Amino acid sequence: MAESIKPWWQHGVFYQIYPRSFQDSNADGVGDIRGIIDRLPYLQALGVDAIWLSPIFPSPMADFGYDISDYTGIDRLFGSMGDFEALLDAAHAGGLKVILDLVPNHTSDQHPWFLESRRSKDNPKRDWYIWRDPTTDGGPPNNWLSEFGGSAWNYDASTAQYYYHAFLSQQPDLNWRNPAVRHAIQDVMRFWLRKGVDGFRVDVIWHLIKDAEFRDNPLNSAFQEGRPPHERLSPLHSTDQPEVHDVIAEMRRVIDEFDSRVLIGEIYLPPERLVTYYGRDLGGAQLPFNFALLSAPWNARSIEKIIHDYEGALPAGAWPNWVLGNHDRPRVASRVGHDQARVAAMLLLTLRGTPTLYYGDELGMRQVAIAPDQVRDPFEKNVPDIGVGRDGCRTPMQWDATRYAGFSTSTPWLPVAKDSVHENVVNLAADMRSILSLYKALIGLRRKLPLLQLGDYVPVTADGDLLLYRRERSGSSLTIALNLGDQPVSIASGAARLSGTILLSTFPDRARETIEGGLDLRGNEGVIIDTSGIYAG
Ligand code: NOJ
């Protein structure tokens with residue numbers, strides 16, 4: 001049957017682990033690989049299919065692992081290579097795939113490649129990074145800005161040139177126009193793929209190639225005060241260059257040297273640009289991350305348009321995906337509210353395309369307020385006071401009601417949320433009404449019903465706070481009705497074809513209710529309805 005030959009990354013559910021914050025096994029206040037191994041049974045019970053680990057490689061931790069000093073090692077903070085191999089074995093034995101973070105755009109300034117590169121202008125590694133002469137007045141080569149504040153160029157007095165860094169000055173960008181760089185990173189990929197990892201999430205993949213002439217970026221006329229300063233310019237010449245697709249196609253060919261692996265790209269671009277990352281003849285990233293929901297105004301018509309625009313932009317044969325949270329953006333429960341987070345969960349797990357969950361969102365974890373003296377995030381430190389800080393969405397996983405939430409037995413690197421006394425895995429797993437139980441039910445239903453994994457997305461006209469769509473295939477259909485507001489809504493009979501049986505509600509009291517010609521939803525309620533009578537019973 002067609003269903004069974006779909007690759008695992010199309011029908012599975014992905015779960016992002018931020019390793020520093022998931023589970024500490026050695027009481028140093030920072031999560032580690034052994035901790036993840038200990039918690040695999042939880043992930044299996046949750047029902048996810050794949051875990052993606054944010055970076056676990058040796059790093060000075062200027063950007064908490066996104067500044068790598070050795071691509072093929074494991075940072076001692078997280079454990080050893082033996083620990084990682086044990087994780088891979090245990091995950092695979094339990095039916096879980098393991099995705100690693102690949103950070104090819106930049107290294108740490110402590111990476112041996114950069115240490116060599118900065119040594120002299122004629123060092124063989126000089127051209128592995130992006131070095132440019134100052135302008136005649138000694139200033140940086142062009143006006144490009146770092147995403148973490150200030151110029152993107154750092155002056156290196158010993159060789160009297162600037163190097164480019166799209167993020168921190170401790171994160172110099174590699175020169176992806178240099179074939180030696182490409183080959184080196186491709187070998188890094190092979191190293192991990194041979195070990196058995198199931199794929200990569202590639203950090204800032206749309207940044208890899210910059211304009212060959214390093215032209216100034218134009219002013220962004222839509223800049224809004226209060227937004228990060230780098231947004232004053234449009235990144236016309238510093239990101240999303242046409243040649244990047246050749247680089248990605250090469251990475252994909254490495255992926256395809258191995259069986260059943262996946263290439264995921266981190267890309268913040270509008271839908272029509274995002275979908276170009278599937279690549280010519282779909283030989284690019286299999287899953288260019290779709291982050292549209294992360295910044296969506298949370299109302300039914302905006303979300304409807306986002307789905308419509310994304311579905312409409314997808315090239316033939318491209319597989320969609322949806323993301324509700326990650327380690328760079330405020331928690332969904334804080335963005336949309338605690339009650340609406342349940343509706344958001346139903347949305348994520350009933351849309352067409354691979355869903356990615358961020359650790360703790362299944363508990364409704366909220367953004368944690370970080371006191372000024374506890375800020376760890378370098379972005380917040382460089383660009384204070386406008387709310388860009390990412391610590392609040394990276395706080396320790398809330399396992400139980402103990403002092404450090406079962407995450408650690410000593411003071412964690414970031415504070416534990418106060419509400420962890422109530423909002424924790426132990427409590428929520430025991431409560432059939434909890435958001436965790438809802439997530440389990442949604443994932444279970446998605447697993448049970450191929451229609452939810454693979455059915456077409458068919459929008460249904462609705463207004464006000466109501467979002468309606470069907471998932472359809474071969475004459476079977478499910479209807480999803482989501483109330484994105486906090487007031488009740490009624491759906492009259494007729495166009496929406498609303499007769500059938502409720503399979504699941506975001507409220508725990510409606511399963512198996514029969515719908516005949518119309519439906520009343522409470523505020524913040526969503527339901528999945530079997531509208532073709534094939535699943536009930
Ligand atoms: C994107 C990552 O998601 C983010 O956490 C990091 O700070 C930047 N890339 C720079 O590596």
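Asp377 touches Phe64, Val388, Gly389, Arg390, Asp391 and Arg394 when residues up to four places away in sequence are not counted; contact here means heavy atoms within 4.5 Å. The model is predicted, so that local features need pLDDT of at least 70 and side-chain atom pairs count only at pLDDT 80 or more, while totals for chains, interfaces and linings use all residues. Residues are numbered from 1 along each chain as its sequence is written, and side-chain values use heavy atoms, with hydrogens and water left out. Asp377 is placed in the loop between strand E11 (354-358) and helix H12 (378-382). Helices (H or I, at least four residues) and strands (E, at least two) are DSSP runs numbered from the N terminus. With a relative accessibility of 0%, Asp377 counts as buried, a term that stands for under 20% relative accessible area, against over 50% for exposed and the range in between for partly exposed (1.4 Å probe, protein chains only). The side chain of Asp377 reaches the backbone nitrogen of Phe379 at 3.1 Å. Such a polar contact is a pair of N or O atoms within 3.5 Å; within protein, one must be able to donate a hydrogen and the other to accept it, and residues adjacent in sequence count only if both atoms are side-chain atoms.

The ligand is surrounded by 14 residues, of which the closest are Asp63, His106, Asp203, His327 and Asp328. The shell divides into four nonpolar, three polar and seven charged residues. In this division Ala, Val, Leu, Ile, Met, Phe, Trp, Tyr, Cys and Pro count as nonpolar, Asp, Glu, Lys and Arg as charged, and the others, Gly among them, as polar. An N or O atom in the side chain of His327 is 2.8 Å from an oxygen atom of the ligand. For Arg201, a side-chain N or O atom is 3.0 Å from an oxygen atom of the ligand, and a polar side-chain atom of Asp203 lies 3.0 Å from a ligand nitrogen atom. Of the 290 Å² of accessible area that the ligand has on its own, the protein covers 97%; accessible areas come from the Shrake-Rupley method with a 1.4 Å probe, and for residues only the protein chains shown count as cover.

Strand E19 (residues 526-530) has five of its five residues buried, so it is largely enclosed by the rest of the structure. Gly526, Ile528 and Asp530 point one way from E19, Val527 and Ile529 point the other way, and all are buried. E19 runs antiparallel to strand E14 (residues 476-483), to which five bridges join it, and antiparallel to strand E16 (residues 499-505), with four bridges. Two strands are taken to pair if DSSP finds at least two bridges between them. Val527 in E19 stands opposite Ala481 and also opposite Ser505.

A separate group of three strands forms an open antiparallel sheet in the order E4-E6-E5. Strand E4 (131-132) and strand E5 (153-156) are its edge strands, each pairing on one side only. E5 pairs with strand E6 (residues 161-164) in the antiparallel sense over four bridges, and Asn154 has Tyr163 in E6 as its bridge partner.

Gln453 belongs to helix H15 (residues 450-454) and is buried, with a relative accessible area of 9%. Its side chain reaches the backbone oxygen of Arg446 at 2.8 Å. Apart from neighbours within four places in sequence, Gln453 is in contact with His11, Trp319, Arg446, Arg447 and Arg471. The C-alpha atom of Gln453 is separated by 8.0 Å from that of Gly12, 441 residues apart along the chain.

Asp83, in helix H4 (residues 81-93), is likewise buried, at a relative accessible area of 14%. The side chain of Asp83 reaches the backbone nitrogen of Ser80 at 3.0 Å. Asp83 touches Ile33, Arg34 and Ile37, residues up to four places away in sequence not being counted.

Most residues other than glycine have a negative phi. Met61, which is not a glycine, has a positive phi of about 70 degrees. Met61 is placed in the loop between strand E2 (50-53) and H4 and counts as buried at 14% relative accessibility. Asp240, also not a glycine, has a positive phi of about 50 degrees. Asp240 is found in the loop between strand E7 (199-202) and helix H7 (244-256), and is buried with a relative accessible area of 15%.

Technical notes:
Near = heavy atom within 4 Å.
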